[in-house]
Each structure stands twice: as C-alpha cells, then as structure tokens.
Amino acid sequence: MLNKITTADARKKFSNLINRVAFGNEAFVLTRRGEPIAALVSMQELKLLQELEDRIDIEDAFKAKNEPGDPIPWEELKKELEC
C-alpha cells in the first residue's frame, strides 16, 4: 500500500521523505485537497516503470508493423496528429 501525504506536509518533511524513498524503499502519493497529484518513488522503481513503458511501446510498434494496408508517411501522420 502506498503512503499518502499532503503537499503541505511533504514540504515540511521533504528531507525525511527523500531519505525514506531513497533508502527505505518507500513510495508516497502526494495529495492536494484530497486528490492524488504526484508520486515520490525511488530511482529503482522509476527505471522499472520506464522499462515497462519501453516494452509496451515495442510491442505496440510490432503490432502496428504487422497491420494490413499501406504504411502512412511520417509527415502525413504528423500533420494529421497536429489537429
């Protein structure tokens, strides 16, 4: 379970929180007015999240590559996405 802390409390205890994240392998969800707005995680957890995202991107690229039809030129797709 993730620890929750308000941004105001996090500001007051920032040094302690950083140590708990870096050396205690804890994670914190920062809240504002009861709503989660950000998270403090260790570098190890961040790297894992990035690796997972990269893996998903690679899988999506292979799926797109194997889709039927003609490829869309990058410049055409870029214009379409700019809306």
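Predicted model: local features only at pLDDT ≥ 70, side-chain atom pairs only at ≥ 80, totals over all residues.

Trainee: Why is the contact between glutamate 26 and arginine 20 called a salt bridge?

Mentor: The rule asks for a side-chain nitrogen of Lys or Arg within 4 Å of a carboxyl oxygen of Asp or Glu. Here the N to O distance is 2.8 Å, so the pair counts as a salt bridge. The count by this rule comes to 1 salt bridge. In general, side chains of opposite charge can pair when their charged atoms come close.

Trainee: Are glutamate 26 and arginine 20 buried, partly exposed or exposed, and how do you know?

Mentor: Buried means under 20% relative accessible area and exposed means over 50%. Glutamate 26 has 24%, so it is partly exposed. Arginine 20 has 32%, so arginine 20 is partly exposed as well.

Trainee: Why is arginine 11 called exposed?

Mentor: Arginine 11 has 61% relative accessibility, and the cut-off is over 50%, so the label is exposed. Arginine 11 lies in helix α1 (residues 7–12).

Trainee: Which residues form the patch of negative charge?

Mentor: Glu51, Glu53, Asp54, Asp57, Glu59 and Asp60 gather in that patch on the surface. One of them, glutamate 53, is found in helix α3 (residues 43–65).

Trainee: What makes the phi of asparagine 25 and of arginine 33 worth a remark?

Mentor: Most residues other than glycine have a negative phi. Asparagine 25 is not a glycine, yet its phi is positive, about 55 degrees. Arginine 33 is not a glycine either, and its phi is also positive, about 55 degrees.

Trainee: Where do asparagine 25 and arginine 33 sit, and why are they called exposed?

Mentor: Asparagine 25 is in the loop between α2 (14–24) and β2. Its relative accessible area is 54%, over the 50% cut-off, so asparagine 25 is exposed. Arginine 33 is in the loop between β2 and β3 (35–40). Arginine 33 has 79%, so by that cut-off it is exposed too.

Key:
Residues numbered from 1 in each chain as written. Heavy atoms only, no water. Helix = DSSP H or I, 4+ residues; strand = E, 2+ residues; numbered from the N terminus. Buried < 20%, exposed > 50% of the residue type's maximum accessible area, 1.4 Å probe, protein only. Patch = residues over 30% accessible without salt bridge, like charges linked within 9 Å, V, L, I, M, F, W, Y side chains within 5 Å. Areas by Shrake-Rupley, 256 points an atom, 1.4 Å probe, with all protein chains shown as cover. Lys, Arg positive; Asp, Glu negative; His and termini not counted. Charge placed at Lys NZ, Arg CZ, Asp CG, Glu CD.
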